[in-house]
Amino acid sequence: MTQQKLDKYEIMDVSLLAGKIMLESGAETYRIEDTMMRIAASYGIKKSHSYVTPTGIMFSLETKEPTKTKLIRISERTTDLKKVTMVNSVSRTISQGNISLEEAYEMLQEIEATNVAFPLWVQLAAASISSGCFLIMFQGLWTDFIPAMFSGGLGFLTVVYFHRLIPIRFFAEFTASLVIGLLSALLVASGLGTQIDKIIIGSVMPLVPGLSITNAVRDLMAGHLLSGLSKGAEAFLTAFAIGAGIAIVFTLL
């Protein structure tokens with residue numbers, strides 16, 4: 001392989017790695033495609049094509065030689081906007097011509113390997129407090145603030161645990177909503193809570209796929225119909241799983 005060909009493949013590797021990190025971290029489809037093409041253009045490839053779906057990325061370069069195309073498969077997706085911001089920062093640095101191709105690849109590898117998520121106890125505290133705040137937002141009673149915090153925190157822990165235990169999508173959200181519903185009913189029955197509906201609503205809000213819904217709408221508005229519809233379907237199924245768990249609790253009451 002000549003050095004010229006090697007450079008083209010290295011450019012593709014850098015662009016694909018940036019797109020992979022962004023897609024796995026919850027970025028919008030149009031932002032991923034734009035970032036990949038900007039990186040390629042910064043290294044002298046004026047014409048490139050990217051096709052991003054929630055489960056894969058295809059990227060090709062138009063050169064005088066035969067068109068080069070690569071495909072990578074995406075199996076895990078989460079929400080990590082910090083990594084999206086870090087990749088955007090590297091992309092802007094590349095566009096300014098301040099780093100070489102090798103340095104950019106090393107920086108992206110470091111971002112991919114870095115765990116920038118908050119510790120579990122911080123996430124648990126945030127989910128608990130937000131559950132109580134959502135209860136107040138929906139005009140619940142202050143006396144139900146602590147029960148909502150307890151239910152929301154336990155529901156969040158259930159999601160985290162079952163995501164690690166059983167790699168089946170939507171099962172963790174269904175189980176978590178079931179736990180939230182049962183715990184809320186128990187708290188009200190024991191006199192520790194008052195309004196079961198407000199407690200449940202506040203507790204399930206940290207589970208609601210708000211970012212997925214937002215990205216689905218933004219992708220549809222940007223013309224990425226396949227990605228928008230698939231993300232919308234994923235968000236709908238997550239919401240359905242949450243609703244199904246709560247519905248079973250009310251059926252049992």
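**Exercise 1. Two residues and a bridge**

Asp 219 and Lys 231 are both buried, where buried means under 20% relative accessible area, exposed over 50% and partly exposed in between (1.4 Å probe, protein chains only). Before going on, note that this is a predicted model, in which local features need pLDDT of at least 70, side-chain atom pairs count only at pLDDT 80 or more, and totals for chains, interfaces and linings use all residues. Residues are numbered from 1 along each chain as its sequence is written, and side-chain values use heavy atoms, with hydrogens and water left out.

Task: work out how the side chains of Asp 219 and Lys 231 meet, and which helices they come from.

Solution: 
- Start with the rule: a salt bridge is a side-chain nitrogen of Lys or Arg within 4 Å of a carboxyl oxygen of Asp or Glu.
- Asp 219 and Lys 231 form a salt bridge, at 2.9 Å from N to O.
- Now place them: Asp 219 sits in helix H9 (residues 210–221) and Lys 231 in helix H10, so the pair ties together parts 12 residues apart in sequence. Helices here (H or I, at least four residues) and strands (E, at least two) are DSSP runs, numbered from the N terminus.

**Exercise 2. Reaching along the chain**

Task: find the salt-bridge partner of Glu 234, and say which parts of the chain the pair ties together.

Solution: 
- The partner is Arg 77, with the closest N and O atoms 3.2 Å apart.
- Glu 234 belongs to helix H10 (residues 225–252), while Arg 77 is in the loop between strand E3 (68–73) and helix H3 (81–95), so this pair ties together parts 157 residues apart in sequence.
- Check the cover: Glu 234 is buried, at 16% relative accessible area, whereas Arg 77 is partly exposed at 26%.
- For the tally, the chain has 9 salt bridges by this rule.

**Exercise 3. Around Glu 24**

Solution: 
- Widen the view: Lys 20, Glu 24 and Glu 112 are linked in a network of salt bridges.
- Finally, the C-alpha atoms of Glu 24 and Asp 80 are separated by 8.2 Å, though these residues are 56 apart along the chain.

**Exercise 4. Rings together**

Task: classify the ring pairs that link Tyr 161, Phe 162 and Phe 171.

Solution: 
- Rings of Phe, Tyr and Trp (its six-membered ring) pair if their centres lie within 6.5 Å; planes under 30 degrees apart count as stacked, over 60 as edge-to-face and the rest as tilted.
- The count by this rule is 3 aromatic pairs. For Tyr 161 and Phe 162, the centres are 5.4 Å apart and the planes at 85 degrees, so the pair is edge-to-face.
- Phe 162 and Phe 171 are also edge-to-face, with 5.7 Å centre to centre and 70 degrees between the planes.
- As for cover, Phe 162 is buried at 19% and Phe 171 is partly exposed at 31%.
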